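Me: Hi! I'd like to talk through this structure with you, a bit at a time. Here it is.

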Amino acid sequence: ELELLAKIEELNNKDDIDGFIVQLPLPPQINTQKVLLAVSPDKDVDGFHPTNFGKMSLDMSSFIPATPFGILEMLERYNIPTKGKHTCVIGRSYIVGRPMSILMGRQGF
């Protein structure tokens with residue numbers, strides 16, 4: 001965990017690095033929340049930092065987790081309207097399920 005936190009701090013401070021992700025899930029001996037909080041919100045391209053997650057929830061400009069973003073792209077590219085329709089998201093993980101439910105609730109396209 002200490003090595004990972006040191007690497008995150010290094011990446012946070014490098015001006016030539018625009019963003020990075022921490023591949024989840026992490027091994028059980030590593031505190032995932034501590035690690036995700038260590039990632040600078042400005043470089044958190046997965047959108048897991050509470051700052052980015054909160055902005056996403058409020059429909060503000062932010063990084064969006066990759067899989068939910070990909071699903072939104074797919075719906076848009078294939079012109080699949082969701083406005084006025086019921087959607088069902090199975091699972092509530094903060095990686096896919098929870099962000100997807102928030103995004104579907106705010107999209108209405």
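Me: Let's start with F48. Buried or exposed?
Reply: This is a predicted model, and in it F48 is buried, because its relative accessible area is 10%, below the 20% cut-off.

Me: Thanks! How many aromatic pairs does the structure hold?
Reply: The structure holds 1 aromatic pair. The rings belong to F48 and Y94; their centres are 6.0 Å apart and their planes stand at 90 degrees, so this is an edge-to-face pair.

Me: And where do F48 and Y94 lie?
Reply: F48 is in the loop between α2 and α3 (50-57), while Y94 is in the loop between α4 (66-77) and α5 (97-107). The pair therefore ties together parts that are 46 residues apart in sequence.

Me: What does Y94 count as, then: buried, exposed or partly exposed?
Reply: Y94 counts as partly exposed, with 35% relative accessibility.

Me: OK, on to H49. Where does H49 lie?
Reply: H49 is found in the loop between α2 and α3. H49 counts as buried, because its relative accessibility is 10%.

Me: What is H49 in contact with, leaving aside its neighbours within four places in sequence?
Reply: With those neighbours left aside, H49 has contacts with L36, L37, V39, P41 and D44.

Me: Which residues of α1 are buried?
Reply: Those are L5, I8, L11 and N12. These residues are on the same side of α1, because they cover an arc of only 125 degrees around the axis. As a general point, an α-helix has 3.6 residues a turn, so residues three or four places apart point the same way.

Me: What do the buried residues of α1 pack against?
Reply: They pack against α2 (32-38).

Me: And which exposed residues are on the face of α1 turned away from its buried side?
Reply: That face carries L2, E3 and N13 as exposed residues.

Me: Last topic: what does UniProt list for residues 3-46?
Reply: The unreviewed UniProt entry lists "domain: Tetrahydrofolate dehydrogenase/cyclohydrolase catalytic" there. In the model, this span is 41% helix and 0% strand, with its end C-alpha atoms 21 Å apart.

Me: And for residues 65-106?
Reply: For those, the unreviewed UniProt entry gives "domain: Tetrahydrofolate dehydrogenase/cyclohydrolase NAD(P)-binding". Residues 65-106 are 52% helix and 0% strand, and the end C-alpha atoms lie 15 Å apart.

How values were computed:
Residues numbered from 1 in each chain as written. Predicted model: local features only at pLDDT ≥ 70, side-chain atom pairs only at ≥ 80, totals over all residues. Heavy atoms only, no water. UniProt positions renumbered as here; feature names shortened; annotations may be inferred. Helix = DSSP H or I, 4+ residues; strand = E, 2+ residues; numbered from the N terminus. Buried < 20%, exposed > 50% of the residue type's maximum accessible area, 1.4 Å probe, protein only. Arc of directions from axis to C-beta. Contact = heavy atoms within 4.5 Å. Phe/Tyr/Trp six-rings, centres within 6.5 Å; stacked < 30°, edge-to-face > 60°.
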